[in-house]
Amino acid sequence: MENLIKLIEEYDHLYEMVKECPYRFLKKMSVYHFKQEEMVIHQGDAIHRFYIIVEGTAKIYVMSENGRTYSQAIYQKGDFIGEIEIFDQYLSVSNVKALTDLTLIGIDGNDFLEWMRIDNHMSYYFNRSLAKYLYNLAMKSGVDSLYPLKYRLCDYILKEMVPYQRNQYIVRISKNQMSEHLAVTLRSINRVLKELAGKKIIKLRDNGIIVSNIQLLNDEKAKSMLE
């Protein structure tokens, strides 16, 4: 309980969520720590606990029977884990892996449901979080279904790049991660990247993808809709 109180006092987003939580539920909460790359939940697991992310980021993804993965979302502080399955005790639809060291607060599913019934403040936060998740998932599904790969990859690079050297930017994300996020094969990713490199729009380096010309990258993104 002492560790929980320290976290509530330290993190404003956590305090805002639990500030009207009755004490009988607070004392049932526990603090959990996961190391980077450690699995929090496996796809198909029974969900008995509801989590709030206090600190760190987690990757939410699904895996097919043939081993292909599809990245659904990246969760960060203030997001919930287990929120979709907890009401009707569904098995987990996704894998949840710690991308960084992760600190969570967890509470038993039945206790969480009772807490939600009497705490309108927390219920509001929960509904907003669920709406955000569904909105982002719908947007991603629509883009993945309707837009060509070159458009999506150019858009992804533009969103993820950070300043590198003079007039250049870098994307420090592996090709495998791009493949998972865009739900395509690694071969398809390599094909588009090589095409962009051949046009001197990007440079492929061991430490990442160097963006040499942002305007040309935007042009390729726009032209891809006409191909």
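Predicted model: local features only at pLDDT ≥ 70, side-chain atom pairs only at ≥ 80, totals over all residues.
Q: Why is the contact between Lys-97 and Glu-37 called a salt bridge?
A: The closest N and O atoms of Lys-97 and Glu-37 are 3.6 Å apart. A salt bridge requires a side-chain nitrogen of Lys or Arg within 4 Å of a carboxyl oxygen of Asp or Glu, so the pair qualifies.

Q: What parts does the pair of Lys-97 and Glu-37 tie together?
A: Lys-97 belongs to strand β7 (residues 95-98), whereas Glu-37 sits in the loop between β1 (30-34) and β2 (39-41), so the pair joins parts that are 60 residues apart in sequence.

Q: Why is Lys-97 called partly exposed?
A: The relative accessible area of Lys-97 is 21%. Buried means under 20% and exposed over 50%, with partly exposed in between, so Lys-97 is partly exposed.

Q: What makes Glu-180 and Lys-59 a salt bridge?
A: Their side chains meet at 2.1 Å, N to O. That value is within the 4 Å cut-off, so the pair counts as a salt bridge. Glu-180 lies in helix α7 (residues 175-182) and Lys-59 in strand β4 (residues 58-63), so parts 121 residues apart in sequence are tied together.

Q: Is Lys-59 buried or exposed?
A: Lys-59 has a relative accessible area of 14%. This is under 20%, so Lys-59 is buried.

Q: Which residues are linked with Glu-220 in a network of salt bridges?
A: The network links Glu-220 with Lys-150, Glu-195, Lys-199 and Lys-223.

Key. Residues numbered from 1 in each chain as written. Heavy atoms only, no water. Helix = DSSP H or I, 4+ residues; strand = E, 2+ residues; numbered from the N terminus. Buried < 20%, exposed > 50% of the residue type's maximum accessible area, 1.4 Å probe, protein only.
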